Amino acid sequence: MQDKLNTKVIISKRLTLSEPFINGNEWKYVKECLDTGWVSSAGKFVDLFAEKFSQYVNAKHAIPTSCGTSALHVSLVALGLQPNEEVLVPSLTFIATANVVRYCNAYPVFTDVDDRTLCMDVGKVKDFLEKECIWSNGLLINKSTRRTVRGMIPVHIYGHPVDMDPLLELAQKYNMFILEDATEALGSKYKGKMTGTFGNLSAFSFNGNKIITTGGGGMVVTDNSALAERIKSLTTQSRADSIEYYHNEVGYNYRLTNIQSALGLAQLERIDEFIQLKRHIAEFYQRELGKVVRVCGEEEWAFSTYWLCWIIIQGKSRKQIIESLNAKNIQARPLFFPLHLLPPYRDCQAYHTERSEYLYEHGINIPSHIGLADDDLEFIVRELEELLDKP
Ligand SMILES: Cc1ncc(COP(=O)(O)O)c(C=O)c1O
């Protein structure tokens, strides 16, 4: 089958949300790793991938990690998050964003998301900080839990950037760190600047469903050289000497291998095409479905990669619609389950998170795989129109 990128690929019959698109230099680069024996956590591709990645996002430092979750976790360790401190996390996100806070024995405080972008609601964050927190001995204290509020993790969800300017102002005013969860938003821009270049640190993911993949992998990005050094050290077991087994502190084996980096480099070479195709899919849905249902869009200050497209269903059972689509081999899923309602997080504070619940109850992710042809998109649109039209 010839695909839109003019190369031979095997596309599964199922019309999927997002899957790897391997059709560039992946074989060549991975073969080089296998031929030379450089298969593990050192090698030319590790350095090359990091270098090209930092150039692409326009940041001083990029440090490869084993996955997006480890990138987020090691970032919190480097930012000095302490047990019993708190971090603001949106409720509508993948669970890893909150889990990494718990890995540090700290606690997430769940905030709501914005109806248009599905990203952290900056107005509610402001309200929370103004109304629910007080200063005590130079620390920002949450009045209900008496814990110190240290930072926030805005998530550029489904490829759409967070409204960063007001958050940066709040972070400065309240002396909080910002760790950007950019795992879903490589290539997106806020006011013309790449997501992942606003926070103290940022994390990316190269999981199989992401816009580029290394099988599994991640990256931490920062302009801060001291933090970059610390991340490098922490991800390599904090080994301080290349000969002696001398370790400065408790570190982690969170490195990305040369094979994975080889994949990542080949994928990164094609990212502009991938983004173009993702945007084509979103525009198709906006044009063809926008009259019958609310389709994901873009704020005027945003450039979205539309990593995963979504629609918001009203007056119909979204469960039924998902089941009917899946029965036709059209992959569809609900949006993320609000984290504050999940067993590990029910006891954590959630601040006016009703919009996250509403969006979860009504939202559906629809196929956004860049291998989808216009015929596939037309089929999906027709099926959806029919389902939405049924009494
Ligand atoms: C918002 C968000 N945060 C964190 C992660 C974790 O990334 P990974 O699966 O690479 O560990 C993901 C994706 O999987 C994600 O979507």
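The questions and answers below go through some features of this predicted model and the definitions behind them.

Residues are numbered from 1 along each chain as its sequence is written. Because the model is predicted, local features need pLDDT of at least 70 and side-chain atom pairs count only at pLDDT 80 or more, while totals for chains, interfaces and linings use all residues.

Q: What makes A185 count as buried?
A: A residue is buried if 20 or more other C-beta atoms, placed from the backbone, lie within 10 Å of its own, exposed if 12 or fewer, and partly exposed in between. A185 has 30 C-beta neighbours inside 10 Å, and therefore counts as buried.

Q: Where does A185 lie, and which residues is A185 in contact with beyond its neighbours within four places in sequence?
A: A185 lies in the loop between strand 7 (177–181) and strand 8 (189–190), where strands (E, at least two residues) and helices (H or I, at least four) are DSSP runs numbered from the N terminus. Two residues are in contact if their C-beta atoms, placed from the backbone, lie within 7 Å, and on that basis A185 is in contact with H156, G159, P161, T195, T305 and W307. A185 and S304, 119 residues apart in sequence, are 7.7 Å apart in space, C-alpha to C-alpha.

Q: Why is helix 8 described as largely enclosed by the rest of the structure?
A: The reason is that 11 of the 11 residues of helix 8 are buried. The cover over these buried residues includes helix 1 (26–36), helix 2, strand 1 (61–65) and helix 9 (271–289).

Q: Which residues of helix 2 and helix 8 meet?
A: In helix 2, F45, V46, L48, F49, K52, F53 and Y56 meet N258, S261, A262, G264, L265 and L268 of helix 8. The residues of this contact divide into 9 nonpolar, 3 polar and 1 charged, with Ala, Val, Leu, Ile, Met, Phe, Trp, Tyr, Cys and Pro counted as nonpolar, Asp, Glu, Lys and Arg as charged, and the others, Gly among them, as polar.

Q: Which residues come nearest to the ligand?
A: Of the 14 residues around the ligand, C67, G68, T69, F94 and S205 come nearest, a residue being near a molecule if its C-beta atom, placed from the backbone, lies within 6 Å of it. The shell divides into 4 nonpolar, 8 polar and 2 charged residues.

Q: How confident is the predictor in the chain, and where does pLDDT stay under 50?
A: On pLDDT, the predictor's confidence in each residue from 0 to 100, the protein chain averages 96, and 97% of the residues score at least 70. The value stays under 50 over residues 6–11.
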